[in-house]
Amino acid sequence: MSAFWSGWVKFLVVLNLGITFFLFIWALRVRIPTEPDGTTGHVWAHGVIREGVRNLPLWWILFSAAMFAVGFVYLTLFPGFGNFKGTLGWTSAAELEQDIARNEAKLEETIRPLRGLSIAEMSEHPNATALGYRLFQDNCAACHGTRATGNHALGAPDLTDDDWLYGGSGETILASILDGRQGTMPAWGQVLGHNGVNEVTAYVLSLSGYSVPEDWEQAGKAHYEKICVACHGVDGRGNTAVGAPNLTDRTWLYGGDFASVATSVRDGRHGIMPAWRARLSEDEARLIAAWVYAQNAERRRDEIS
Ligand code: HEC
Ligand code: HEC
């Protein structure tokens with residue numbers, strides 16, 4: 001604070017205290033003019049109610065005096081009077097630092113016993129998943145959704161199902177988080193032409209059990225075996241090495257209606273999962289991975305029961 005503003009704050013503080021103190025003294029000493037009967041002479045309700053005069057209650061006087069004392073003591077101990085720092089040396093920045101240090105110590109206490117565990121083992125610890133859930137909300141929910149069920153517009157996969165682009169073991173999930181992933185589906189519109197795209201789209205949909213025109217399906221199968229098997233596999237179940245999705249399960253990154261699938265084939269797709277190594281500590285990434293893993297285990301249990 002510059003000397004001018006410090007002076008200005010001091011002036012306001014003194015002015016305020018001065019005015020209140022003056023009012024306090026004045027209120028103690030003021031004499032209200034009275035009539036011979038001891039009242040102010042003001043009457044209401046046709047003379048039934050007359051306004052009397054009482055001294056200020058003692059509790060009010062003591063309370064107000066105490067508040068002045070508190071004000072002076074506060075301005076002596078703590079910052080408040082312009083640039084004067086207070087005799088205790090308290091600052092909000094130091095308090096914040098203490099809070100952060102205290103939080104980190106608490107976090108360290110929670111995390112230490114978890115460090116030796118695998119992600120799968122961590123996912124059984126409510127402490128770990130509670131922290132992981134919070135970190136997921138802060139860092140991942142924008143793309144994957146608050147319940148991790150994914151987002152077709154971004155091609156962010158559902159992380160709660162058992163359908164993985166790169167694999168669903170705890171360590172693979174952790175690797176996806178720390179180093180990111182990029183899936184590249186080439187554009188085939190030029191190669192296949194309008195009809196070819198429709199035919200192979202029909203074939204892709206037939207893989208997950210939709211009925212499609214048979215001639216399209218046959219023609220599409222031929223394109224598929226020439227071009228698509230390399231990544232999506234002979235049976236269409238995908239390949240975790242290149243992040244090629246399973247095309248047989250009615251679970252879609254970008255939507256499973258005819259138009260969306262045809263767009264994927266014609267224009268290609270390029271889903272980008274950012275790398276978090278620079279933004280999250282290894283501990284934090286492991287906590288999130290444990291929460292993601294737990295969502296999956298929960299879904300599997302639901303399906304079994
Ligand atoms: C900017 C959007 C975005 C953010 C933020 C994001 N992701 Fe992703 N994530 C994606 C996309 C898109 C993919 C699919 C990548 C691909 O197509 O190859 C993906 C893929 C993944 C995968 C691989 C899934 C599989 O099937 O193998 C995991 C695991 C994952 N994300 C977890 C997370 C976690 C945990 C966070 C938070 C730390 C996070 N993501 C933040 C967009 C995002
Ligand atoms: C070079 C490997 C590669 C080839 C060849 C390839 N794909 Fe893909 N495909 C991928 C990858 C990787 C993705 C996931 C893209 C992403 O993560 O954003 C994908 C995504 C898709 C999707 C979107 C799936 C969804 O869940 O929304 C469809 C549909 C698809 N491919 C169909 C095909 C068809 C049909 C062909 C043949 C004409 C083909 N792909 C050829 C690698 C390939």
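Trainee: Which element gives the most to the shell around ligand 2?
Mentor: This is a predicted model, where local features need pLDDT of at least 70, side-chain atom pairs count only at pLDDT 80 or more, and totals for chains, interfaces and linings use all residues. Residues are numbered from 1 along each chain as written, chains are lettered from A and ligands numbered from 1 in written order, and side-chain values use heavy atoms, without hydrogens and water. Several elements, including β3 (181-185) and α8 (189-207), each supply at least two residues of this shell. With four residues, the most is given by α9.

Trainee: How many residues surround ligand 2?
Mentor: A residue belongs here if one of its heavy atoms lies within 4 Å of the ligand. Among the closest are Met185, Cys228 and Tyr254.

Trainee: How far is a backbone N or O atom of leucine 253 from an oxygen atom of ligand 2?
Mentor: Glycine 271 has a backbone N or O atom 2.8 Å from an oxygen atom of ligand 2. For leucine 253, a backbone N or O atom also lies by a ligand oxygen, at 2.7 Å.

Trainee: What are the protein donors of the iron atom of ligand 1?
Mentor: Donors are N, O and S atoms within 2.8 Å of the metal (3.2 Å for Na, K and Ca); water is not among the atoms, so sites may look incomplete. Here the protein donors lie 2.1 Å from the iron, and they are His144 (NE2) and Met273 (SD).

Trainee: How many residues apart in sequence are the parts that this pair ties together?
Mentor: Histidine 144 sits in helix α6 (residues 141-144). Methionine 273 belongs to strand β4, so the pair links parts whose separation in sequence is 129 residues.

Trainee: Is histidine 144 buried or exposed?
Mentor: Buried means under 20% relative accessible area, exposed over 50%, and partly exposed in between (1.4 Å probe, protein chains only). Methionine 273, at 23%, counts as partly exposed. Histidine 144 has 9% relative accessibility, so it counts as buried.

Trainee: How many strands are in the chain?
Mentor: Helices (H or I, at least four residues) and strands (E, at least two) are DSSP runs, numbered from the N terminus. The chain has 11 helices, and its number of strands is four.

Trainee: What does the C-alpha trace of the chain span along its principal axes?
Mentor: The chain has 305 residues, of which buried ones make up 32%. Along the principal axes, its C-alpha trace spans about 115 × 60 × 50 Å.

Notes:
A polar contact is a pair of N or O atoms within 3.5 Å; within protein, one must be able to donate a hydrogen and the other to accept it, and residues adjacent in sequence count only if both atoms are side-chain atoms.
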